[in-house]
Amino acid sequence: MQIVILNGGKGTRVRAISKNNPKCMISFDGKPFINHQIKLLKKMGFKKILFCLGYKANIITKYLNSINFKGIKIEYSVEKKPLGTGGSVVNNLNKIDKTFFLTYGDSYLKIDYKKIFKKFQIYKKNCLMTVVHKNKVADHKPNIIIKKNVIQSYGYSINSNYVDYGALIFRKKIFKEIKIKKFDLDNIIADQIQKNNIIIYKINKKFLQIGSIKGV
């Protein structure tokens, strides 16, 4: 399995802790967060990781070049200009498998990725989104309306009852059709919802993340 990690943000919400370094370099138990993330993903069965980098990428690449995780291939790319979360994927299509997981550089998700992937294979859709009920994550605004296990709406709303958990699966082919270079994943997700080409996988536990002070 391959996972693409979007890690280009500036991490402004945690700057009091990160001290202007990329947030993935915040230290936990003597090692930067990115080390713990890689270790977890390897344990969960991933053989390849692709980091899409932007803000102060040189700090991250220097660290990645200094470590050696046996049994897992670690690659990275650096954006010269911000391309958005979707543009980052299109920018790396030559390095991405036909089917791939995607997550974020501030996420630490202890979930059964292999089980999730099996469900994705059964339904043969273009996208899978992991979700969690709003009652499980008090510090995140719900952004999805789900009724009868179907996404009715994607985007912040007073009626939203679920939150995007932060792990997705995509088929590479849907990105090949896009001609613009800069855009966000929200556009892809909304399009797949409209085409009924996305399935959900409900997670029943809180997710861990370092995108906010509380998360850290």
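**Terms and their grounds**

Reply: Asp191 has a relative accessible area of 26% and is therefore partly exposed. The model discussed here is a predicted one.

Me: Why is Asp191 called partly exposed?

Reply: Buried means under 20% relative accessible area and exposed means over 50%, with partly exposed in between. The value for Asp191 is 26%, so the residue is partly exposed.

Me: What makes the contact of Lys195 with Asp191 a salt bridge?

Reply: The term requires a side-chain nitrogen of Lys or Arg within 4 Å of a carboxyl oxygen of Asp or Glu. In Lys195 and Asp191 the closest N and O atoms are 3.1 Å apart, so the pair meets the definition.

Me: How many salt bridges does the structure hold?

Reply: There are three salt bridges. Another of them joins Asp106 to Lys23, with an N to O distance of 3.0 Å.

Me: Why can the pair of Asp106 and Lys23 be said to tie together parts of the chain?

Reply: Asp106 is in the loop between strand 6 (99-104) and strand 7 (107-108), while Lys23 is in the loop between helix 1 (15-18) and strand 2 (27-28); the pair therefore ties together parts that are 83 residues apart in sequence.

Me: Are the two partners, Asp106 and Lys23, buried or exposed?

Reply: Asp106 has a relative accessible area of 14% and is buried. Lys23, with 16%, is buried as well. Both conclusions follow because buried means under 20%.

Me: How do you know that Lys48 forms a salt bridge with Asp97?

Reply: The closest N and O atoms of Lys48 and Asp97 are 2.8 Å apart, and the cut-off is 4 Å, so the contact counts as a salt bridge. Lys48 belongs to strand 4 (residues 48-53) and Asp97 to the loop between helix 4 (84-90) and strand 6, so the pair ties together parts that are 49 residues apart in sequence.

Me: What makes Lys48 and Asp97 partly exposed?

Reply: The relative accessible area of Lys48 is 27%, and that of Asp97 is 25%. Each value lies between 20% and 50%, so both residues are partly exposed.

Me: How do you know that the buried residues of helix 5 line one face?

Reply: The buried residues of helix 5 (residues 113-123) are Tyr113, Ile116 and Phe120. Viewed down the helix axis, they fall within an arc of 65°, so they line one face of helix 5. An α-helix has 3.6 residues a turn, so residues three or four places apart point the same way. The face turned away from the buried side of helix 5 carries the exposed residues Lys115, Lys118 and Ile122.

Me: What puts the buried residues of helix 7 on the same side?

Reply: In helix 7 (residues 185-194) the buried residues are Leu185, Ile188, Ile189, Gln192 and Ile193. They cover an arc of only 135° around the axis, which puts them on the same side of helix 7. Helix 7 is followed by Asn196, which has a positive phi, near 55°.

Me: Which residues form the positive surface patch?

Reply: The positive patch is formed by Lys31, Lys39, Lys43, Lys110 and Lys205. Lys31, found in strand 3 (residues 31-32), has 43% relative accessibility and counts as partly exposed. Its value is over the 30% that a patch residue needs, so Lys31 passes this cut-off.

Me: Why is Asp29 called exposed?

Reply: Asp29 has 75% relative accessibility, and exposed means over 50%, so Asp29 counts as exposed. Asp29 is placed in the loop between strand 2 and strand 3. Its phi is positive, about 55°, although Asp29 is not a glycine.

Me: What makes Asn149 exposed?

Reply: Asn149 has 52% relative accessibility, which is over 50%, so Asn149 counts as exposed. Asn149 lies in the loop between strand 9 and strand 10 (150-154), and its phi is near 65°, a positive value in a residue other than glycine.

Definitions and conventions:
Residues are numbered from 1 along each chain as its sequence is written. This is a predicted model: local features need pLDDT of at least 70, side-chain atom pairs count only at pLDDT 80 or more; totals for chains, interfaces and linings use all residues. Side-chain values use heavy atoms; hydrogens and water are left out. Patches are made of residues with over 30% relative accessible area and no salt bridge: like charges are joined within 9 Å, nonpolar side chains (Val, Leu, Ile, Met, Phe, Trp, Tyr) within 5 Å. Accessible areas come from the Shrake-Rupley method with a 1.4 Å probe; for residues, only the protein chains shown count as cover. Lys and Arg count as positive and Asp and Glu as negative; His and the chain ends are not counted. The place of a charge is taken as NZ of Lys, CZ of Arg, CG of Asp or CD of Glu. Helices (H or I, at least four residues) and strands (E, at least two) are DSSP runs, numbered from the N terminus. Buried means under 20% relative accessible area, exposed over 50%, partly exposed in between (1.4 Å probe, protein chains only). The arc is that of the directions from the helix axis to the C-beta atoms.
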